[in-house]
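Please open the model in your viewer and keep the selection panel at hand. The stops below take you through a few helices in turn.

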Amino acid sequence: MNQIILNDRDAGILTANDRDLDLAGRGERSASSVIINVINVLRHRKWIILSAVAVALAAGLVVTLLMTREYSAKSVVEIQRETGNFTAVRGAEENKTSTVDQEFYQTQYGLLRAQTLAELVGRNLGLQDDPAFFKTFGVRDAADWFEGRRLKPGAPSREARLRMVGAILLENVSVQPQRLSRLIDIVVTTPDPLLSQRIANTWVSSFIEMTLNRRYGATAYARRFLEQRLAQLRDRIDESERRLVSYAGAEQIINLPSGAGENGATTERALVIDDLASANAELSRAVADRLRVEAQLRNASSAADLASQTVGNLRQRREELAAEYARLMVQFEPSYPPAAAIQRQVQSLDRAIAAEKARISGSVKDSYDAAVDREQRLRARVTQLKSGVLDERRRSIQYNIYQRDVDTNRQLYDGLLQRFKEIGIAGGVGVNNISQVDAADLPLKPSSPRLSINLAIALLAGLVVGIGLAFALEQIDQGITDPSDVEADLKVPLLGTVPRVSDEDRINSLLDPKSALAEAYISLQTALAFSTAAGLPRTIAITSSRPAEGKTTTSTALAYSFARSGRRTVLVDADMRSPSIHHRLNIANDVGLSSYLTGSAAMDEIIVAVGQNNLVAIPAGHHPPSAPELLGSDRFGAFLRELLTRFDHVVLDAPPVMGLADAPLIGSQVDGLVFVIESEATQKGLARVALERLRTANVPILGAVLTKFDARRARFDYGYSYGYGYGADEAASGRSAPSKTA
């Protein structure tokens, strides 16, 4: 089962691949068919294309000879990208752009094509007062403007003539940028070589002049603008400073400068703030002193001992006496005079030390009181200054507003003053980024007209027009000009083609089995033999969509061809409205088909011999009142059945299909019908309608025959001319063609 599934899958894949290959093959065939059809259309309409090319070449030659000779002068200019903008306060670094600035260069190209530049060139060359210039470019009224080189009254103004000169120059000047470079070609084309050279060189110099003038004009305008703004700012600074000083005087605001701020402006601080800071520092020191004295006061004795040197000396002396007294007490009594003297000295020293301590303690107390008093006074001062600072700040709000206004105006003034100086420098430098690389030379040869280019353009135009006309005619032309059109457009098989011959040679050609016409009808007979399963039809009707398409000739030729092959054949002229068989065969038309169908003549009475073995004819007879009634009657069917009993084949020359009911009536009674189409004359739409009428009547259509065919005018090379003329040259010259076996 798995194997079966795999096989089915493989088969599906193969089927899909085959389908893809088939679609691809159809696409290739369709593309190749389109190419072949295009080639065939070009071959078919080659004379139209060649005629269009010839006319275009002739027109190009005539136009070239009649054109005025033009001379072109070229000047090359280089435009560098501007690298700096000196009018910017922050310098040129912020204005750097990329190497390729399309906007900048497109602007330069536009300036090179400006009307202002053209008028400047005309003014520099004096062309507005040159009558030869206007005459060169065909200004009709210019002859009435000048008398010699003097301007006549009533002539256009100088400005009007300059505008005209500018317009003329712009029509004859082209700006051509060189690819991937900064070079630009200024090409001037005029009928005068010297004028072309002068205009080309002047165009570049005038462009440089105009650029410098524009730059200087821009800086001049900027300077004037900045001067006005600086004057206005000076007035505003004066006014704001006066307002600031008046307010400070009125509010008693005294500030001291404290240095420069971040933006360079001078900052100030109030004087009361400095006083508060000083008083606060003094208060801090007073508090420290008071605390120190207070600590001394708490430990007065130790403080006195430590603070007084006298007490120290007295204590040292007492210790020395006490030591001496103790030494004496070891040996003597307290009453010992030296010991008593020492004892008195010690007591005296004790009294001196106590007095000194009392004095030091009093001094510390006084210092403490003084420190406390100083601290209280400084604290009161600080409190007073704090109130003054708060009041100062309230009064300084408006002062600071005025101060900021002054600073802002001063900053604006300084910035504009700096820019004014820079603009002055930039305007005086005169930097130019435009230079002339090559000056225009005097052209020695005309640049136009160029015969080779004009002829090439004419050839191309002729080919385009010719090919377009060929395809247009191919679409308009609905005539059937090619055998392939029969099956493709009419959906009927092509039984054969009949070459075009003159009317004088038609009968002789039909009687000559070796003629191209006879060969064509023999080929038609062969095709008819394979058109049905039973072989060659016994009753065959020949018709066409309209008269004069060759149906009578085809009927006659088939009858001759059948007779020559040994078949008993009768040719019936079934076109009772416009009979023509009796003219072709040179027989009488007194009685015929109409006579038999009306019952006025028997079969034997209407059959006429034509001098050809196995061939007889039945003419149409007199014109009946109603041919469709006769053809639709049972007697017409009996007529055909009786002919089949006497002859092998019956060939009927039927009337045309369009506008008549005869052909469908005849076609419904025969074994097969052959539809005749005249090459290049029968319209496809008409033939389709005729065939549709026959199909509606259930007429068995065997196929179509293309008559009066010219192989040289066919889109496809089928070799008809070769086939119809094969061996003719050898036969005419008496030489036999070599035999070939298939």
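Begin by selecting helix α3, residues 102–112, where helices are DSSP runs of H or I with at least four residues, numbered from the N terminus. F104, Y105, Q108, Y109, L111 and L112 are buried here, buried meaning under 20% relative accessible area and exposed over 50%, with a 1.4 Å probe and protein chains only. Looking down the axis of α3, you will find these buried residues within an arc of 160 degrees, so they line one face of the helix; the arc is that of the directions from the helix axis to the C-beta atoms. This is a predicted model, in which local features need pLDDT of at least 70 and side-chain atom pairs count only at pLDDT 80 or more, while totals for chains, interfaces and linings use all residues. Residues are numbered from 1 along each chain as its sequence is written, and side-chain values use heavy atoms, with hydrogens and water left out.

Next, select helix α21, residues 634–646, and colour F636, G637, F639, L640 and L643, which are its buried residues. Seen down the axis of α21, these fall within an arc of 155 degrees, so they line one face of the helix. Which exposed residues does the face turned away from the buried side carry? On that face of α21 are D634, R641 and T645.

Finally, show helix α13 (residues 483–490) together with helix α23 (residues 684–696). Where they meet, D485, D489 and L490 in α13 contact K684, A687, R688, L691 and R695 in α23, contact meaning heavy atoms within 4.5 Å.

Technical notes. Helix = DSSP H or I, 4+ residues; strand = E, 2+ residues; numbered from the N terminus. Axes fitted to C-alpha atoms, helices over the stretch in contact; angles between N-to-C directions.
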